[in-house]
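Dear colleague,

Please find the structure below, handed over for your records. My notes on it follow directly after.

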Amino acid sequence: GAFHGIGEPECVINVGVSGPGVVKCALEKVRGADFGTVAETIKKTAFKITRMGQLVAREASRRLGVSFGIVDLSLAPTPAVGDSVAHILEEMGLEKCGAHGTTAALALLNDAVKKGGIMASSYVGGLSGAFIPVSEDAGMIDAVAQGALSIEKLEAMTCVCSVGLDMIVVPGSTSAETISAIIADEVAIGVVNNKTTAVRIIPAPGKDVGDIVEFGGLLGSGPVMRVNPYSSEAFIKRGGRIPAPIHSLRN
């Protein structure tokens, strides 16, 4: 079970809604339009999806006699055709996810999704944004295979979306210090920018750059990605704690 907090009910109905394919289809109708039109189209689509999620949640709540909690509108991709966040970014005008402009496109997408969701329901929760798990997104798998998308670019993208480095496969020979340094970079992004983040990085024993690791189901297949060959060992072996950043002088 879960502890919902003091004053919260023992049982609650929360609804999660996805739909990258719906957003992509909506953007296909405004090809060539300016950024304002793109943002408005995403926002209206997110509004409709969230509104539907809330209607379902409230009806389920009524029938079951259980309190309604929140609606989480998160664009969570799957390996299925037509269910890719990368393809939304490419529909915005990028030749391939990972090209220059990808971070800006993702920021626009994430912001518009949140604005549309918050208009549709007073009880929006969860992350309600765009997810970028490499092995779970057919468009990102292809972008990595084509050499368009790197770990460094994914790290930049995590600054503006709802998650961190997600479902990334690296060579089995990658050192523990290098993996620690990748995690440290992502922690720095989360702490300094006051945002949620995480790292799901998977060393694949016996595999090298260009190989494919099959996870199956919704976890998809992960192309083994290149890791910067230069060492972070001396930095990581310093040990101790990096002091927390100061926030008070920003107020």
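This is a predicted model: local features need pLDDT of at least 70, side-chain atom pairs count only at pLDDT 80 or more; totals for chains, interfaces and linings use all residues.

I begin with a contact between charged side chains: Asp142 and Lys96 form a salt bridge, with N and O 2.4 Å apart. The term denotes a side-chain nitrogen of Lys or Arg within 4 Å of a carboxyl oxygen of Asp or Glu. This pair links distant parts of the chain, since Asp142 belongs to helix H5 (residues 138-145) and Lys96 to the loop between helix H3 (85-91) and helix H4 (102-120), 46 residues apart. Helices (H or I, at least four residues) and strands (E, at least two) are DSSP runs, numbered from the N terminus. Asp142 is partly exposed at 30% relative accessibility, and Lys96 is partly exposed at 23%. Here buried means under 20% relative accessible area, exposed means over 50%, and partly exposed lies in between (1.4 Å probe, protein chains only).

Residues are numbered from 1 along each chain as its sequence is written, and side-chain values use heavy atoms, with hydrogens and water left out.

By the rule given above, there are 11 salt bridges. Another of them joins Glu136 and Arg200, whose closest N and O atoms are 3.3 Å apart. Glu136 lies in the loop between H4 and H5 and Arg200 in strand E4 (residues 199-204), so this contact ties together parts that are 64 residues apart in sequence. Glu136 is buried, with a relative accessible area of 12%, whereas Arg200 is partly exposed at 38%.

Salt bridges with shared partners also connect Lys24, Glu28, Arg31 and Glu91 into one network. Glu28 is partly exposed at 32% relative accessible area, and Lys24 is partly exposed at 23%.

Turning to the strands, E1 (residues 12-17) and E2 pair in the parallel sense over 5 bridges, where pairing requires at least two DSSP bridges between the two strands. Val15 has Val71 as its bridge partner in E2. Of the 7 residues of strand E2 (residues 67-73), 5 are buried, so this strand is largely enclosed by the rest of the structure.

With kind regards
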